[in-house]
Amino acid sequence: MSRLLSDPRLRIGAVVAAMAVLAGLGVVTHPKKPDTSPVAAATEPARVVVNRTALSCPVLAAGGGKMASVVNGVSPTLPDGTPTATGSADPLTIAPLPATSDPVGSILKRGFIGSSAVVVKPEPLSIQGAGPLAAGTVGTSTTTSDDGVNSGMASVPCQQPGSDFWFVGASGAKDRRDVLVLTNLDSINAEVNVTVYARNGQQDLPAARGIVVPARGTFPLFLTQIAPNLRDIAMHVESTGGRVAAAVRSNASNADGGPAGVDWLNTSAAPATKVFVPAVASGGGLRILSVANPSDLQATASLTVNGPNGPFKPAGLETVQIDAGSVKTIMLDPVLHGDPSGITVTSDQPVTASMRMTDAARTEFASIGSSDALTGPAYLVLPAHKQPAMLQVTAPGKNGSVKFELRDAAGRALSTRALDVVGGSTTQIPIPAQPRPTYLMVQQTRGTVVAGVTLMPAAKPDKDDVAQVAAWPLTTSLVFRAQLGAQPDVSAALR
């Protein structure tokens, strides 16, 4: 052996072979860092079926007038072939927040709407449970009143707890009574920071930082106290520990101090250089677009109205400047002419937005935030409504298509239809008045689409009618975990 190794050629070959073996071991023990970027993940998305649900359903505060409050929820009929969690189909409960509370309603079977009892003194509720009924579950909290400060309709989708929320269009002015309601469904306290932006830039508000939300409880943050006299507010709600659900309750008053409507401000999509505000209702009244620029640089934005006849840029609003850290409002009712529309905001800095809409008499309002485009089925429970509601679908870019179904409380299909939407336009479909809750499914089948449902009073209401105005966004429902934006971390398997 020593004689063989004395040959220089053999010694060199042995060294090369040894280096090759070591290199091979290096490949095994020091793998190349995996590509966990969103683009890579999108090619092989994680599709983990949801097996647990927890939704927060906020309610109005008591105050003047007799209220009727109800939470409706459904584990919806899913598209054919959609898997669900294994195990027994235990009911989902509708219950107050304390752990010792008895349920006030249940969702017993997929496709069937479950409801809480209608009460005059509402308390915050949750929809919770595990098993096959969890996937896709949605709920809506609705309060109506014929008089007092809560006169009208306040209706909002129940919200999944998280750690990051945006709201645009709130106010701390004297003619508004806006409250950020933070809800904690978990058994440990949560801590939250709220960053506030206004017309004159980002605000330094120590009272909005380090907010402790008690376990299985709520915390109200009154904007008139922490941001008095500030109009046109945007808020970024971030949990620094634990999960919360965030909602903004808004009561408006007129110049005489009388009630001018109540509703919840729907969340807005995270800031981006292109955002879509869906479901701008048809008819008379104010249409106020609020755009927030939370960045450190001035934003230059352009607006495109996606109306029933196609897209157009409003004269004089081709370019809008939004100062760093500020909020800008734009009156759009003069250019919309009462048409159902969507709004596309394109900016050189990330922005987010919302639309505030009133009825023609300006006695009631609703607000809808910017939305992400649909990437799967979107489900929405609609409360009973005396006037027809309107499903509004916008294709902000190229031609788009959706299919939708409306089902009654027992899961029977009331309407099923496929719909093509011309690129750049908005199409609306009436949903007849319903004496009982129903639920809607909208699924994108082609192109980029955003959608929502609006409710406005009759064009010529009866003298004693109390106006009911509402706007509900349609967002991709949680059937698979990947739809939350979670990306699979394959590097964890190699640690």
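User: In this predicted model, what makes the pair of Trp166 and Tyr197 count as stacked?

Analyst: The ring centres of Trp166 and Tyr197 lie 6.2 Å apart, and rings pair if their centres lie within 6.5 Å; the planes stand at 20°, where under 30 degrees counts as stacked, so the pair is stacked. By this rule the count comes to one aromatic pair. The pair links distant parts of the chain, with Trp166 in strand S9 and Tyr197 in strand S11, 31 residues apart, and both residues are buried.

User: Why is the contact between Arg199 and Asp232 called a salt bridge?

Analyst: The closest N and O atoms of Arg199 and Asp232 are 2.4 Å apart, and because a salt bridge needs such atoms within 4 Å, the contact qualifies as one. Arg199 lies in the loop between S11 and strand S12, and Asp232 in the loop between H4 and S15, so the pair ties together parts that are 33 residues apart in sequence.

User: Why is Asp232 called buried, and why is Asp420 called exposed?

Analyst: Asp232 has a relative accessible area of 15%, and because buried means under 20%, Asp232 is buried. Asp420 has a relative accessible area of 57%, and because exposed means over 50%, Asp420 is exposed.

User: How do you know that Arg446 forms a salt bridge with Asp420?

Analyst: The closest N and O atoms of Arg446 and Asp420 are 3.8 Å apart, which falls within 4 Å. This pair also links distant parts of the chain, Arg446 being in strand S31 and Asp420 in strand S29, 26 residues apart.

Methods: Residues are numbered from 1 along each chain as its sequence is written. This is a predicted model: local features need pLDDT of at least 70, side-chain atom pairs count only at pLDDT 80 or more; totals for chains, interfaces and linings use all residues. Side-chain values use heavy atoms; hydrogens and water are left out. Rings of Phe, Tyr and Trp (its six-membered ring) pair if their centres lie within 6.5 Å; planes under 30 degrees apart count as stacked, over 60 as edge-to-face and the rest as tilted. Helices (H or I, at least four residues) and strands (E, at least two) are DSSP runs, numbered from the N terminus. Buried means under 20% relative accessible area, exposed over 50%, partly exposed in between (1.4 Å probe, protein chains only). A salt bridge is a side-chain nitrogen of Lys or Arg within 4 Å of a carboxyl oxygen of Asp or Glu.
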